[in-house]
Amino acid sequence: MNGFTASLRTWERELDKVRRRVEDAKKARNALLERESELRQRVLTAKSELDLLRVLEERKEGYGDSAKVILSKEDAFSEVATVADRIEVPQEYVAAIEGALGAGLSTLILDSEDDVAKAIGFLKKSKKGRAAFAALAMLKASPAPDISSDESIIGRASDVVKCEESYRPVVNSLLDRFLLCEDLETAIRIHKRGKYPEYSLLTRSGDLVEPTGIIRGGSPSDQPVIGRKKRIETLEKNVVALEKFRSNVEHELLKREVRIQKLQAEFSSLDDSYQEEIRKRVDVESFVSTTRYSIKNSEDRLARVEQE
C-alpha cells in the first residue's frame, strides 16, 4: 500500500504544478486583456479627436470668410498659407499667441505683391470682404527692439514662436510689440508703471492690455487654430502606432489562449490518470478488505470445528 500512496502523491504534485501554470497563464492573459481594452479606448479617443480636427481643418474653422476664399484658390498661387499654418508655438503659449494675433491668425502669406493684388482681385470680384496679406518679397527681417531686463516680463511674444527663417519677418511684424507676462494682474501693474508705453502686455492665457489701456480678455478657444495641422499629423501617426500595438497584443492574446487550452488539456489528462489511480487503490483496498474478511470467517469456522 505504501507504493500506492507514493504514486498518488506523485500525481498530486504533478497536478498542482500544472494547476499553477494554468493560473499563471490566466493571469498573464487577463493582464493582456486589460492592456488591449486600454489600447482600444486610446484608439477610439485619438480617432474621435482626429475626426473632429479634420472637420475643423476642412472647414477652415477659425479663419475669416475672406481668408477661406483665397485658401480655396491655392492652385492660383505659388504660395498661400495662413500665419497659423506656418508657425509652431509651445503648448503653454498657444493661448497667449492666439490672443495676441486675434484676426491676424488669418493673415495670408503670399510670395509677392503681384499675388497679393491677384488675391485682392478675387475678393473684390466675389464680394467676400477684406483680408490681411503678407507678401514675403516685400518684408525684410529687422532686429527686434530691445527691452530692458525685467523679471516680471517673460519676453517678447515673437521669441516663443518658431518658424522657417523666410517667415520670420511676418512673425516679427505681427508680434514684436507684444510682451509676455504671467497674468493679468502683472500686466496691469506693468502698464501702470508706464515702463513699456509702446508695447501691448500679453498674459499666458491670452488676455491683453494695450498701450492705450484697453483690456481684452476672456476664455481661450478649446480648439486652437495654431498647431491644428501638426496635431492632425501627430494623431494620424499615433493612431497607426496604437493600432499596430493593439494588433500585436491581440496576437499575443491568441497565443495565450492556445497555451491555456493546452495546459487545461494536460491538467484534464493528468486528473483522469490521477482518478484512475484512486479507483485502482479503492479496488485494491476493497479486495484486501474482502479477502481479510473471508480469511477471518474461515479462521472462525475452523476454530469452531476444532472445538467440536
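Author: The buried residues of α3 are Val94, Ala96, Ile97, Glu98, Ala100 and Leu101. Keep in mind that this is a predicted model. The helix spans residues 94-101, and six of its eight residues are buried, so α3 is largely enclosed by the rest of the structure. Buried here stands for under 20% relative accessible area.

What do those residues pack against?

Now for a sheet elsewhere in the model. Three strands build an open sheet, ordered β1-β2-β3, with mixed pairing. Strands β1 (80-82) and β3 (133-135) are at its edges with a single partner strand each, so one side of each has no neighbour in the sheet. From one strand to the next, the twist averages 25°. β1 pairs with β2 (residues 108-110) in the antiparallel sense, over three bridges, and Thr82 has Leu108 in β2 as its bridge partner. Helix α4 (residues 113-126) packs on this sheet, where it touches β2 and β3, and its direction makes about 155° with that of β3.

Stepping back to the whole chain, its secondary structure comprises seven helices and eight strands. Of its 308 residues, 34% count as buried. Among contacts with a separation of 6 or more, 68% join residues 24 or more positions apart. The chain exposes about 19200 Å², and carbon and sulfur atoms supply 50% of that area.

Key: Residues are numbered from 1 along each chain as its sequence is written. This is a predicted model: local features need pLDDT of at least 70, side-chain atom pairs count only at pLDDT 80 or more; totals for chains, interfaces and linings use all residues. Side-chain values use heavy atoms; hydrogens and water are left out. Helices (H or I, at least four residues) and strands (E, at least two) are DSSP runs, numbered from the N terminus. Buried means under 20% relative accessible area, exposed over 50%, partly exposed in between (1.4 Å probe, protein chains only). Contact means heavy atoms within 4.5 Å. Accessible areas come from the Shrake-Rupley method with a 1.4 Å probe; for residues, only the protein chains shown count as cover. Two strands pair if DSSP finds at least two bridges between them. Axes are lines fitted to C-alpha atoms, for helices over the stretch in contact, and angles run from 0 to 180 degrees between N-to-C directions.
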